[in-house]
Amino acid sequence: MGKESKQFLSKSDDIAFDLKHRDKIKFNISRYDAAVQKGEQRYDNIELARLRAAQKKRNVLANLYDYLLEFENNAKNNGSEVLWALDEKEAINYVVDILKQNNTKLVVKSKSMTTEEIEFNHGVEAIGVKSVETDLGEYIVQVAGEKPYHIVTPAMHKSKEDIAELFHREFDTPEHSSPEFLTNFVREQLRENFQDAEVGVTGANFLIADRGAIAVTENEGNAIMSASFPKVHIVIAGIEKVIPSYKDLGLFWPLLSAHGTGQQMTVYNSIYSGPKKDIEVDGPEKMFIILLDNGRTELYDQKHQAESLSCIRCGACLNGCPIYKNIGGYTYNSTYSGPIGSVITPHFKDFKDFKHLSFACSLCGRCEEVCPVKIPLPKLLLYNRKDSVEKGYPPFAEKLSTNLSSFVLSSRSNIDLVSGNIKNFGKKLVEHKIVGSKRKLPDIPSKSFSKQWKKRK
Ligand code: SF4
């Protein structure tokens with residue numbers, strides 16, 4: 001068993017039995033569930049909207065290169081510079097060059113999982129540039145020295161009491177401050193940062209091919225400020241984010257908000273189409289769009305799993321997943337967690353090291369049910385498992401136990417080959433190696449059912 005999978009099992013074991021953690025996640029997800037239920041009711045026919053979105057995204061995948069080239073062409077015509085980054089290292093190198101060319105000391109950054117993927121903050125801090133998260137949830141986890149817990153709600157694992165205590169410790173705010181007080185406190189801090197920063201960074205929910213523009217969805221207005229106050233705007237987006245036309249936003253914006261937060265529409269939906277024009281007074285003077293591959297073309301080459309590139313990162317599959325709710329976001333040790341993370345991470349990172357995530361699923365099918373773009377996540381997890389077996393990755397002990405089990409369970413006489421005592425010895429091994437110390441399998445009777453049945457007759 002590899003280091004990553006060992007850590008995964010041990011962390012899962014700890015978190016699943018941490019009752020305080022469970023209560024916080026249960027509370028936050030129950031609020032999400034109630035909001036989403038309302039959000040879905042606003043649709044006359046949500047199934048039809050999902051079907052249309054799924055078809056639209058599959059069409060994008062079938063013509064991905066054409067749409068990306070169209071996007072690049074139009075973005076350049078708008079005055080943006082488009083940079084293609086093969087991996088996180090190349091993306092960070094581009095960022096570092098831009099920051100140096102623009103004498104940057106401070107960056108304001110809005111919430112973006114793609115920037116998490118390339119370890120943006122770490123990369124720019126290495127050249128002495130301060131990067132401040134401006135989304136409230138991201139700001140909280142940055143102050144706590146943590147990573148986002150969830151792709152939509154980064155501080156989902158913290159209660160309001162946890163946050164009050166954190167801010168009291170770090171900023172000497174009054175003890176037990178209310179969420180309203182702390183929100184205002186953060187707003188005051190960030191306002192100065194927006195004014196001082198030389199560079200603003202955002203992700204992109206969608207890359208609009210026919211306009212060469214990016215669409216950003218948010219609830220706090222911090223992305224608008226990050227994109228428009230500083231003189232330079234850097235966008236970092238995965239290549240799968242492209243959509244054919246701005247007209248498609250009428251479908252995707254409400255679907256994303258209904259599944260992400262339960263809102264009819266998120267509060268701010270902005271389209272950025274290049275640096276400011278000569279006749280404009282405000283806005284950035286330069287706009288750079290970094291298109292990130294980082295494993296996406298590897299995933300694109302997979303016949304089945306490529307479908308996962310349709311994801312619009314709404315987070316609904318995480319909230320619906322019984323495994324995620326029990327083991328939490330950090331246990332995955334990857335930028336993307338939950339069902340979608342378990343499908344894509346082995347391809348984005350090292351397949352051998354992260355293949356275990358594809359096995360962390362009971363295949364209940366809830367994730368596929370809630371996905372707005374109808375990604376068949378359980379099926380894709382099974383394809384990852386199949387690939388893992390075909391590549392010969394399962395450890396020797398697992399292969400041995402699988403072969404042994406298939407032999408033993410193939411016929412009743414094979415089951416009866418050994419006594420109950422030997423079976424109980426095997427059961428203890430399974431408990432020790434797989435089930436863990438917190439649960440027990442039932443004891444196996446000394447005589448099998450068929451032997452007892454024969455005796456009764
Ligand atoms: S896989 Fe579907 S449900 Fe999960 S985050 Fe992506 S779009 Fe949302």
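Domain bounds, as used here, come from an automatic or database domain assignment. The structure is a predicted model, in which local features need pLDDT of at least 70 and side-chain atom pairs count only at pLDDT 80 or more, while totals for chains, interfaces and linings use all residues. Residues are numbered from 1 along each chain as its sequence is written.

**Exercise 1.** State how the protein is divided into domains, and how far apart their C-alpha centres lie.

Solution. The assignment gives domain 1 (45–294) and domain 2 (396–451). The C-alpha centres of these two domains are 51 Å apart.

**Exercise 2.** Determine which strands pair with E4, and whether its residues are buried or exposed.

Solution. Strands (E, at least two residues) are DSSP runs numbered from the N terminus, as are helices (H or I, at least four), and two strands pair if DSSP finds at least two bridges between them. Strand E2 (residues 106–109) pairs with E4 in the parallel sense over three bridges, with glycine 200 of E4 as the bridge partner of valine 108. Strand E7 (residues 232–238) also pairs with E4 in the parallel sense, over four bridges, and here isoleucine 234 of E7 is the bridge partner of valine 201.

In a regular strand the side chains alternate between the two faces of the sheet.
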